[in-house]
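User: I would like to go through this structure and ask what stands behind each label. Please set the values against the definitions.

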Amino acid sequence: MESSLSSSRLTIAIQKSGRLSRESIDLLKACGFKFSLHESRLLAHSTSHPVDLLRVRDDDIPGLVMDGVVDLGLVGENVLEEARLERLATDFPAVFTKLRNLDFGQCRLSIAVPKEASYDTLQSLEGKRIATTYPHLLQRYLKNAGVKNVSTAMLTGSVEVAPRAGLADAICDLVSTGATLEANGLVEKDVIFRSQAQLIQRPGELSSEKQALLDQLLPRLDGVQLARESKYIMLHAPKAMLERVVDLLPGAEQPTILPLSHTDETVAVHVVSTEKLFWETMEELKALGCSSILVLPIEKMMG
Ligand SMILES: Nc1ncnc2c1ncn2[C@@H]1O[C@H](COP(=O)(O)OP(=O)(O)OP(=O)(O)O)[C@@H](O)[C@H]1O
Ligand SMILES: O=P(O)(O)OC[C@H]1O[C@H](OP(=O)(O)OP(=O)(O)O)[C@H](O)[C@@H]1O
Ligand SMILES: [Mg+2]
């Protein structure tokens, strides 16, 4: 299958404007792919690689990938799984390859009820109506939990106002901080799906040029994600305390220990850490006699 927009340029669908847009573009840029973006344009060409961005609503991305219209897509797993279930229910092909979990767009799909509603377990929803944008994910969850006779009111936005508007008894919508639920007098009861952004590929083989581009993109993507999770830690430590200092540093299996020109009692310790260095640990390091403690971000990494 080779029906993506152009046979030689790798086409990637991303969300045009919304929660995933900025981070999708930033991630591709961090991988060294440059783009000339115009707010109103659907298609953006890369000025550095034979790559085109198709900027669309996130709901359209799974279908564009599964139908082979684009080669790759960056989309939330919530939208992807809902689209997959919907296509399976209507006998449409729902084939794609998940290439990577991306480290953004983390949220959960949850059932929430009005503060004053009586709710003990999921069974309390029997015979009730739930407003949602994700009817297939919701029905799958309720079916697995053995909850019957729940009807859904399909809304594509403003789901949180449905109970107040008398459209539904409960909602099933995305939650991150919980601020939107609280602002609407709702309480989160059951998390039915956890999601983050994904990079997916269309079914069928890519042309050799496109495959070569993808083979370049994926290690870069891994490098960017690893670098984002990592920190470079530098400090001066008393030699006598070195063992205890290294034990305190997160993920410091192989620290670099360097002599300092002005003293024999203190050494410089450098380490790449894939974990966060908390203020509390920095304070403990200081209490052991460490000084000049620096935690620096890493821009790129390659093993
Ligand atoms: N509060 C949140 N925190 C983090 N990620 C979120 C949050 N809400 C949504 N997301 C993720 O971002 C995706 C896009 O959310 P957004 O609200 O921008 O979608 P939308 O309004 O459906 O946009 P579109 O106009 O493209 O259809 C969601 O499908 C989900 O994967
Ligand atoms: O738990 P919170 O941190 O409050 O986030 C949850 C809200 O975020 C999303 O909407 P968004 O703000 O993206 O706007 P939208 O409804 O226009 O898509 C989601 O649909 C919720 O309404
Ligand atoms: Mg959408």
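**Labels and their grounds**

Analyst: S158 has its place in the loop between β8 (151–154) and β9; helices (H or I, at least four residues) and strands (E, at least two) are DSSP runs, numbered from the N terminus. This is a predicted model, in which local features need pLDDT of at least 70, side-chain atom pairs count only at pLDDT 80 or more, and totals for chains, interfaces and linings use all residues. Residues are numbered from 1 along each chain as its sequence is written, and chains are lettered from A and ligands numbered from 1 in the order in which they are written.

User: Why is S158 called exposed?

Analyst: A residue is buried if 20 or more other C-beta atoms lie within 10 Å of its own, exposed if 12 or fewer, and partly exposed in between, with C-beta atoms placed from the backbone. S158 has 12 other C-beta atoms within 10 Å, so S158 is exposed. The phi of S158 is positive, about 50°, although S158 is not a glycine.

User: What makes S292 exposed, and where is S292 found?

Analyst: S292 has 10 other C-beta atoms within 10 Å and is therefore exposed. S292 is found in strand β15. Its phi is near 45°, a positive value in a residue other than glycine.

User: How do you know that strand β15 lies largely in the open?

Analyst: Strand β15 covers residues 291–297, and of these seven residues the number buried is zero, so β15 lies largely in the open.

User: What makes β12 and β15 a pair?

Analyst: Two strands pair if DSSP finds at least two bridges between them. Strand β12 (residues 231–238) and β15 have five bridges, in the antiparallel sense. Within β15, L296 is the residue opposite Y232.

User: Why does A162 count as buried?

Analyst: A162 has 22 C-beta neighbours inside 10 Å, so A162 counts as buried. The place of A162 is in the loop between β8 and β9.

User: Which residues does A162 touch, not counting residues up to four places away in sequence?

Analyst: Two residues are in contact if their C-beta atoms, placed from the backbone, lie within 7 Å. On that basis A162 touches A131, A153, L155, L167, A168 and I171. A162 and I130 are 32 residues apart in sequence, with 8.7 Å between their C-alpha atoms.

User: What makes F96 buried, and what does F96 touch?

Analyst: F96 has 21 C-beta neighbours inside 10 Å and therefore counts as buried. F96 sits in the loop between α3 (77–89) and β5 (97–101). Leaving out residues up to four places away in sequence, F96 touches V65, M66, I200, Q201, R202 and P203. From F96 to M66 the C-alpha distance is 5.6 Å, across 30 residues of sequence.

User: What is meant by the largest nonpolar core, and which of its residues touch the most other members?

Analyst: A nonpolar core is a set of buried Ala, Val, Leu, Ile, Met, Phe, Trp, Tyr and Cys residues joined through C-beta atoms within 7 Å. The largest has 30 residues, of which I12, A13, V65, V70, L74, V75 and I200 touch the most other members. Another core, of 20 residues, lies apart from it; L125, Y134, L138 and A162 are among its residues.

User: What makes a residue part of the shell around ligand 1, and which are the closest?

Analyst: A residue is near a molecule if its C-beta atom, placed from the backbone, lies within 6 Å of it. For ligand 1 there are 16 such residues, and the closest are G18, R19, G76, C107 and S176.

User: How do the residues of the shell around ligand 2 divide by class?

Analyst: Ala, Val, Leu, Ile, Met, Phe, Trp, Tyr, Cys and Pro count as nonpolar, Asp, Glu, Lys and Arg as charged, and the others, Gly among them, as polar. By that rule the shell around ligand 2 has three nonpolar, five polar and three charged residues. The largest share of this shell, three residues, comes from β9.
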